[in-house]
Amino acid sequence: MCKDYVYDKDIEQIAKETKEKILRLTSTSTDVSHQQFMTSGIEDKQSTCETKEQEPKLVKPKKKRRKKSVYTVGLRGLINLGNTCFMNCIVQALTHIPLLKDFFLSDKHKCIMTSPSLCLVCEMSSLFHAMYSGSRTPHIPYKLLHLIWIHAEHLAGYRQQDAHEFLIAILDVLHRHSKDDSGVQEANNPNCCNCIIDQIFTGGLQSDVTCQACHSVSTTIDPCWDISLDLPGSCATFDSQNPERADGTVSRDDHIPGIPSLTDCLQWFTRPEHLGSSAKIKCNSCQSYQESTKQLTMKKLPIVACFHLKRFEHVGKQRRKINTFISFPLELDMTPFLASTKESRMKGGQPPADCVPNENKYSLFAVINHHGTLESGHYTSFIRQQKDQWFNCDDAIITKATIEDLLYSEGYLLFYHKQGLEKD
Amino acid sequence: MKMEEMSLSGLDNSKLEAIAQEIYADLVEDSCLGFCFEVHRAVKCGYFFLDDTDPDSMKDFEIVDQPGLDIFGQVFNQWKSKECVCPNCSRSIAASRFAPHLEKCLGMGRNSSRIANRRIANSNNMNKSESDQEDNDDINDNDWSYGSEKKAKKRKSDKNPNSPRRSKSLKHKNGFSVCTSASNTLPLLFSSSGELSNSDPFKYNNSTGISYETLGPEELRSLLTTQCGVISEHTKKMCTRSLRCPQHTDEQRRTVRIYFLGPSAVLPEVESSLDNDSFDMTDSQALISRLQWDGSSDLSPSDSGSSKTSENQGWGLGTNSSESRKTKKKKSHLSLVGTASGLGSNKKKKPKPPAPPTPSIYDDIN
């Protein structure tokens, strides 16, 4: 209708392949002169228009475009407002989630608060804009701190705080202030919110309690924003040397002999746990108090999976930090820890092969580290830009980091992003 | 071909025009269309702008990877002066102090509630309106009030009980007996030229110096080994600062020591001359004979260069001593100056580092 020329992708592909074939034919020809003739002929045809480089330049607009390969836009320091390194690290991690970045930079947030100056999501939006502005001076997140103190009173106060606690609190406030950005409200399930936070962070943790007597299973699914993992050497300890390998097909990208890995911790997390005779649960099917086993698995995987290594231990009045080095992989496959995997295993079959193989694969994009002791310490973070560029963020100072720096760091909060949904 | 059969002459103008137009269009199309299609295809397929990068702009945003610099090529730790505006009180606060400020501003900290309670208590007592809230916040923000509270408390407990100034007798008498164990760490503040300054935290109103009238010879000697000793013109008291006190010169100190502890030969003139604040020439001559003695060798190493001989070194006794001459009661000092010989040994008692070379000199003299 509009008489525009359309270039169909498939036909383009065919044309490209045909051209390549021709080139290959000409290059295999032994007749040099013939070759020259053919190539020159083709070149002529192609170059009648392309060699005139000046013409394209005249037509192209004079925009300043940059290749995204190595440049600093997207990285910006954050001033420490007084023991706020924990907040700065979480902000760095959040501002580098591609989906969240797209959401805020395309202004998809519609404020629902009565006074927008109190809306934390609005503040996150301006924070994203500040972080991606290309400015080289560090940003001062004082408004964010103020709003957090207002909306999450348990965090208010000038003192050192826990980054994980801050993460949960900020996600909670963002969730409350978003309510339902997509506009779709599910009336039948008031707990199901479709805000951007839920879309990105909420996973489903399935808890199966099996009665030892009648073997009936009682299942509950709880939403979760993160997974807190016990470490070897803690009171809820496990021996990393002999991990319970129920599933032999676990891919161990992070396995270093003798050193516990994130996968080990996840296996421990999803192990069947005997609850013991002191914790008998009333079974609904056989109506009696029986011993049971409980097992946790992932029912629904979030887009961004946050793993919290429980390095701070409270035993009675004793509090200590566990410094055990845990190796973690750049890529993580969550398939072995899924509820569906467990079910199919129990049914005596292989894991379902119909699912897309990459669906459960994650790649690491942020690591938050704690340096120091329980009483006094400092948080820094490693952030990934592009596919493999890592940067160390220490409040206002951002430096380039190597993969070794990253992989040998202690690790406290690990952020993984589902593959396939990343842009880069 | 039809075209060959035609001849241009047989055509009228309009047809010629048409032919010319057609030829022209063909030529233009030939030259442009190919390019147009290229660009159109490139834009449609999305690769038109692919290589179009601006090198200058690329450089601006390039990542820097050098030790000591961040990725923007900036030096670390230059952001100390960043400021922000507090959303609560709309004041400009240093960014790195924002969190503690906000805590107080919102009334959240432990101290804030304590101060608030205290204020409430005060206002109840004094029946005052709490209009000074802002002021109090100011104080809080500076953390100075805390500091001053602490300091004030500390000062009261920090007084050196051994200090001669603490001696009760000091407050009542005009003069007092100096503890022979007068330490050389008397932390006293008083202004130069003897002006009484009450910034002294120990709040001595009477004297900020020592009256030498009642001092015994031993006391004087020991005093002079540890203190400046220069006598203030106004208060007629000896300076109790350290031997290197900046308010008095070494000349003055030397003069004082000569005056008190010099060789006995000096005495008669000393007595008479000490009536006024200026030196008579006769006195200076007498004193010159005592020039060998370096009054306080621990003043500075450079002072130890005093010669052994009795040459007139021209210490400028006139000028210096005029400021610090004694008052009427000088006769009592005669006994003091007579026993100058012990001075060398006194010097050895001095705890201060520069080892006095003059004891040897002095020994020679005596």
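This is a predicted model: local features need pLDDT of at least 70, side-chain atom pairs count only at pLDDT 80 or more; totals for chains, interfaces and linings use all residues.
Buried, in this talk, means under 20% relative accessible area.

I start with helix 7 of chain A, residues 142-151. Eight of its ten residues are buried, so the helix is largely enclosed by the rest of the structure. Which residues of helix 7 are the buried ones? They are A:Tyr142, A:Leu144, A:Leu145, A:His146, A:Leu147, A:Ile148, A:Trp149 and A:His151.

Chain A has 424 residues, and 48% of them are buried. Its secondary structure consists of twelve helices and 16 strands. For contacts in chain A with a separation of 6 or more, 69% are between residues 24 or more positions apart. The accessible surface of chain A is about 22,100 Å², with 53% of it belonging to carbon and sulfur atoms.

Chain B has 366 residues, of which 39% are buried. Here the count is 16 helices and two strands. Of the contacts in chain B between residues at least 6 apart in sequence, 59% join residues at least 24 apart. Its accessible surface comes to about 20,600 Å², and carbon and sulfur atoms hold 52% of that.

Next, a pair of lysines in chain A. A:Lys418 is in strand 16, residues 413-418. What is the nearest side chain of opposite charge to A:Lys418? That is A:Glu359, 6.2 Å away. A:Lys418 is buried and yet has no salt bridge. The cut-off for a salt bridge is 4 Å, from a side-chain nitrogen of Lys or Arg to a carboxyl oxygen of Asp or Glu. Leaving out residues up to four places away in sequence, A:Lys418 touches A:Leu301, A:Pro302, A:Ile303, A:Glu359, A:Lys361 and A:Tyr362. So A:Glu359 is among the residues in contact with A:Lys418, where contact means heavy atoms within 4.5 Å.

The other lysine, A:Lys361, belongs to strand 12, residues 361-372. Its relative accessibility is 27%, so A:Lys361 counts as partly exposed. Apart from neighbours within four places in sequence, A:Lys361 contacts A:Leu332, A:Asp333, A:His417, A:Lys418 and A:Gln419. A:Lys361 and A:Gly420 are 59 residues apart in sequence, but their C-alpha atoms are 8.6 Å apart in space.

Last, two patches on the surface. One is nonpolar and takes residues from both chains: A:Tyr5, B:Leu33 and B:Phe37. Together they have about 280 Å² of accessible area. A:Tyr5 sits in the segment before helix 1 (9-28) of chain A. With a relative accessible area of 46%, A:Tyr5 is partly exposed.

The other patch is negative, and B:Glu22, B:Asp26, B:Glu29 and B:Asp30 form it. Where in chain B is B:Glu22 found? B:Glu22 is in helix 2, residues 13-45. Is B:Glu22 buried or exposed? B:Glu22 counts as exposed, because its relative accessibility is 55%, and the cut-off for exposed is over 50%.

That is what I have for today.

How values were computed. Residues are numbered from 1 along each chain as its sequence is written. Chains are lettered from A and ligands numbered from 1 in the order in which they are written. Side-chain values use heavy atoms; hydrogens and water are left out. Patches are made of residues with over 30% relative accessible area and no salt bridge: like charges are joined within 9 Å, nonpolar side chains (Val, Leu, Ile, Met, Phe, Trp, Tyr) within 5 Å. Accessible areas come from the Shrake-Rupley method with a 1.4 Å probe; for residues, only the protein chains shown count as cover. Lys and Arg count as positive and Asp and Glu as negative; His and the chain ends are not counted. The place of a charge is taken as NZ of Lys, CZ of Arg, CG of Asp or CD of Glu. Helices (H or I, at least four residues) and strands (E, at least two) are DSSP runs, numbered from the N terminus. Buried means under 20% relative accessible area, exposed over 50%, partly exposed in between (1.4 Å probe, protein chains only).
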